[in-house]
Amino acid sequence: MSEKCLADITPLILPNGCSFFPQQVNAIEVAGSANIVAGPGSGKTTVLIAKCALLLSKQKSTDRGICLITHTNVAVDEIKMGLKKIGINDVSYPNFIGTIQEFFNSFFTRKAFYLVHKDKHFRVIDDEEYKKKFGALFDKKKPDWYTYPTPNITRALPKLIINDDYSYTIISQANQSYRSEFNECLKMLFNWGLVNNEQCLELSKWYIEKNQEKIISSIKHRFEYLLLDEAQDTSELQYNLLKKLFSSPDIVFQKFGDPYQSLYSIFDGNRDAWKPSEEFESCGLSYEEISETSRFGSSISELVKNICIEKYDTFTSLNLVDSFNPHYIIYESENDLLEQYKSLINYCTLQSTEYSKSRKKDAIISAFHEDLSSIFTSYNKPTTKVRNIESIVRKCYNFFIDLLSKELDLSSDDLMKKVEEELIYKVILSKCVKEINSENFIGDFIIWDLERIIQKITGIEDACFKNIDAEAQIKYLYHTIVNTKTEKQLETTETENLNFSIGTIHSAKGETHRSTMLVLNTVFKDRTMKPTYRMIDLLKEYLVGKYSDPYSVKEDLKRDEMIKSLKLAYVALSRPTHLAVIAIPNEMIFGQEELITELNDSGWKSLESYKNEILEDLMTSG
């Protein structure tokens, strides 16, 4: 494509009449390696798309490429869709746009696995599936005396060790009494070519260290830019490997993200890999901020800036949205909580046309699944990760991809690449999805169509399902996903009528709501399971505008839980555009009447305050 400037790109990716504001322009145009810290609702993704588009439009065939890494397929699709709006439909070699897992797997993990296993294919499976397969295997291999639940794999800190002769073993810190069986099960899964995400990184690390000079030289000759999206979600190992690979001064390494939203480290002692403020102080790395938000008004931005692990005085609202004051609810039961939230939403709908016309959802969130289960009788912990929130169509499509990948002994990523390259595969898969969602679907039709894909990929004219019982799998798909749509709708009728979604803070990360209610019923517990700190107690000073440095807390456990609470609250209360709400159980407020007074004095509202205002208006008008 021809070279473009920011003025050409702006109308293609921003709403009519809108333009990038100065902080965004600075982030787009910053040259050299830098950290770009972008607050909630600051347009970080759009900035990243614009920057990538400008770099690609100036690229010549002889130039080195751009490596853009993010953390989810949803983010990859959003970036690619934004580039298509600008006219960049194909991002080919030497460029790379993909997830961080795809980057390591494509360039290093696959090669490392081949050196170790030669003729075996490897399949990357998510943590939930890996735990299930491990559990089934451990159940057969465990000592006769072992009658406890399956050991937690993560807590045992397993480690893959590869020797100079390419032999390997797996060690762990599992309990000595069953460690041998524990390690043997992990090794058996690896022997079968089943690899989890952590092992992919371990394989990559081994391969990179073994070929370090050649790899770094190759990276330098291929890429001129590394743009790392959502840098705060990068693990310590991932971050260190990226810094090693892109260490050449000839490569521009820019990191985009919000360090205050780093939730993935809260269960690991809050050891964040990306610390932009420290990098600025220690090595003078350029530090840019996009601290003006268009998501919500100043009433919410003033709250968000104070529930932060670091002082965030620069965070401010552009006041493009007229947000309500933050609200609190004191509740006694599930019905009481829902009725109060419903009344508050109804009140806001009457008070604000902007709010009433918003198509975004009203969400109830809490820190952990058990916190939600303890309140809402109909809440069940999701059994899978991202796919639980996908549409029925997407679930079916992904199910067929998984089915084919297992039959062909390919990773899902590899198969997805083949599907992306051949339109006919997409057409066939779409036909299968349409068939299974039809009123009287015929399973044989789906099997025949899927076998057409197998035949085209393998080049074998009469290839068919041999490793997978396709008929049983398709029946399972129909009865567990497609045919339960009506049943699930009936189960959640009350919630849907109230337009509430219920989930954890982790699940809401990246979302934007019309209103968000954070339920502060969380009690953090130590390993002895004795209650230690309540989230409301750790947050109360921050909620009323009194900031103190959480890292200055001397007691280790309290400091850790306070930082955890701030990270969770920051993410939760930066989701809404119009209304931020906290809900506190009545028993947790007992004896803390001064907190209610302080909330009222610092600008928080309650349903009671609105009732008084309405009564005063009636008396005045009377």
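Modeller: α5 (100-117) and α17 (412-421) each supply at least two residues of the lining of the largest cavity. This is a predicted model, in which local features need pLDDT of at least 70, side-chain atom pairs count only at pLDDT 80 or more, and totals for chains, interfaces and linings use all residues. Residues are numbered from 1 along each chain as its sequence is written, and side-chain values use heavy atoms, without hydrogens and water.

Colleague: Which helix gives the most to the lining of the largest cavity?

Modeller: α5, with four residues.

Colleague: What makes a residue part of the lining?

Modeller: An atom within 4 Å of a cavity point; those points sit on a 1 Å grid over the protein atoms alone, where a 1.4 Å probe fits but cannot get out. Glu102, Asn105, Ser106, Arg110, Phe122, Val124, Ser411, Asp413 and Lys417 line the largest cavity.

Colleague: How much space lies in the largest cavity?

Modeller: About 50 Å³. Volume here is the space filled by probe spheres set on the points, which are joined across faces, edges and corners. The whole structure has one cavity of 30 Å³ or more.

Colleague: How do the lining residues divide by class?

Modeller: Four are charged, three polar and two nonpolar. Asp, Glu, Lys and Arg count as charged; Ala, Val, Leu, Ile, Met, Phe, Trp, Tyr, Cys and Pro as nonpolar; the others, Gly among them, as polar.

Colleague: At what angle do the axes of α1 and α3 cross?

Modeller: Helix α1 (residues 6-13) and helix α3 (residues 44-57) cross at roughly 135°, their axes coming within 10 Å.

Colleague: Which residues meet in the contact of α1 with α3?

Modeller: Leu6, Ile9 and Ile13 in α1 meet Thr46, Ala50, Ala53 and Leu54 in α3. Contact means heavy atoms within 4.5 Å. Six of the residues are nonpolar, one is polar and none is charged.

Colleague: How does α1 meet α4?

Modeller: Through Ile9, Leu12 and Ile13, against Gly82, Lys85 and Ile86 in α4. By class that contact has four nonpolar, one polar and one charged. The axes come within 8 Å and cross at roughly 115°.

Colleague: What phi does Leu157 have?

Modeller: A positive one, about 50°, although Leu157 is not a glycine. Leu157 sits in the loop between α6 (127-141) and β5 (159-162). Glu230, not a glycine either, has a positive phi of about 50°, in the loop between β8 (223-228) and α10 (236-245).

Note on methods
Axes fitted to C-alpha atoms, helices over the stretch in contact; angles between N-to-C directions. 1 Å grid on protein atoms, 1.4 Å probe; cavity = no way out; pocket = protein on both sides within 12 Å on 5 of 7 lines; lining within 4 Å.
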